[in-house]
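Dear colleague,

I am passing on to you the structure shown below, together with a summary of what was found in it. Please read the summary with the structure open beside it.

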Amino acid sequence: MDIYYALWAQLAEFPVFVRAFLVVGIFFLLFGIFFEIAGFRILGLGIQMIIWIIKLFFVLLSSLLHIRINTKGMEVWNGFCNGTEAFCNMLLRWKQRLPKARGRLWNVLGALYLITVAAIVFPPLLNHFVNEKYQSRIAVVRNLYLDLEKGPLQEAAAYEPLLKISVPEEPEAASEAQTEEEKCLRLSERGVAGANVRTEPDKASDSIAILSGDVRMTYMDEQDGWIYVRLEDGTLGWIRDYLVEEISGEEGKLDG
């Protein structure tokens, strides 16, 4: 499990769309390998076992009922037998189609992979065009993925990333980064009445602060229509980009 969480700690360094490409891709890859090796065999054996169970049931039922030809129940029995035989034939046809389905397995999985990733990646791009009331409905798959990865990411916070990836910084670039003035923000006209600061860049995440009026914050990062900010008390969180605007000069300096 240590390696598992170390991998999640590695993934935590990437944005959501990169994690989605990797995690969903690995899931579909493992799913395809399982079906390629054992899945279709298990399905074929399961279908055959169902047919055997049905036939055994009929043998036992026939020996218990001893239905005679001249009884009225014979018509009902024959109808029941014909229906069951048709069901068994349908199962046999399914079994015979398994090799053809196996040949199309990777094409189907590839299409499902692209659809799933698109459903995770694209909803934030629509935030500027879709009313907030309907955004959660459009982002159902994305929210489900974020909920599924939330647990492993929280557990992985206590682990070091599996791989050591370090990019040496050029002295001049580092010097420029240190001297670069921090970008200060305030609430926009849409946000001044009240805006939530959340733990994650997602509307479904917990709210850690509610801002209103003339408050200042420092720009830290941005992702998928969200801005990562530091409040005056040092609190870090995410706020929607259209709820804030940049200010500069003496007006934008934070106290302390």
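**Contacts and cores**

Setting aside residues up to four places away in sequence, Val24 is in contact with Arg19, Tyr113, Thr116, Val117, Ile120 and Tyr145. Please note that the model is a predicted one.

Val24 also belongs to the largest nonpolar core, which has 15 residues; Val24 and Tyr145 are the residues with the most contacts inside this core. Two or more of its residues come from each of helix 2 (16-65), helix 4 (105-121) and helix 6 (140-156). There is also a second, separate core of 14 residues, with Leu187, Ala209, Leu211 and Met217 among them.

**Annotated regions**

An unreviewed UniProt entry places the feature "transmembrane region" at residues 20-43, 49-67 and 105-126. For residues 105-126, the figures are 77% helix and 0% strand, with 32 Å between the end C-alpha atoms.

**Cysteines**

How many disulfides does the model contain? With sulfur atoms within 2.5 Å as the criterion, the count is 0 disulfides.

Are Cys88 and Cys184 buried or exposed? Cys88 has a relative accessible area of 9%, and because buried means under 20%, Cys88 is buried. Cys184 is at 10% relative accessibility and therefore counts as buried by that cut-off.

Yours sincerely,
A colleague

Terms used:
Residues are numbered from 1 along each chain as its sequence is written. This is a predicted model: local features need pLDDT of at least 70, side-chain atom pairs count only at pLDDT 80 or more; totals for chains, interfaces and linings use all residues. Side-chain values use heavy atoms; hydrogens and water are left out. A nonpolar core is a set of buried Ala, Val, Leu, Ile, Met, Phe, Trp, Tyr and Cys residues joined through side-chain atoms within 4.5 Å. Buried means under 20% relative accessible area, exposed over 50%, partly exposed in between (1.4 Å probe, protein chains only). Helices (H or I, at least four residues) and strands (E, at least two) are DSSP runs, numbered from the N terminus. Contact means heavy atoms within 4.5 Å. UniProt positions are given in the numbering used here, feature names are shortened, and annotations may be inferred rather than shown by experiment.
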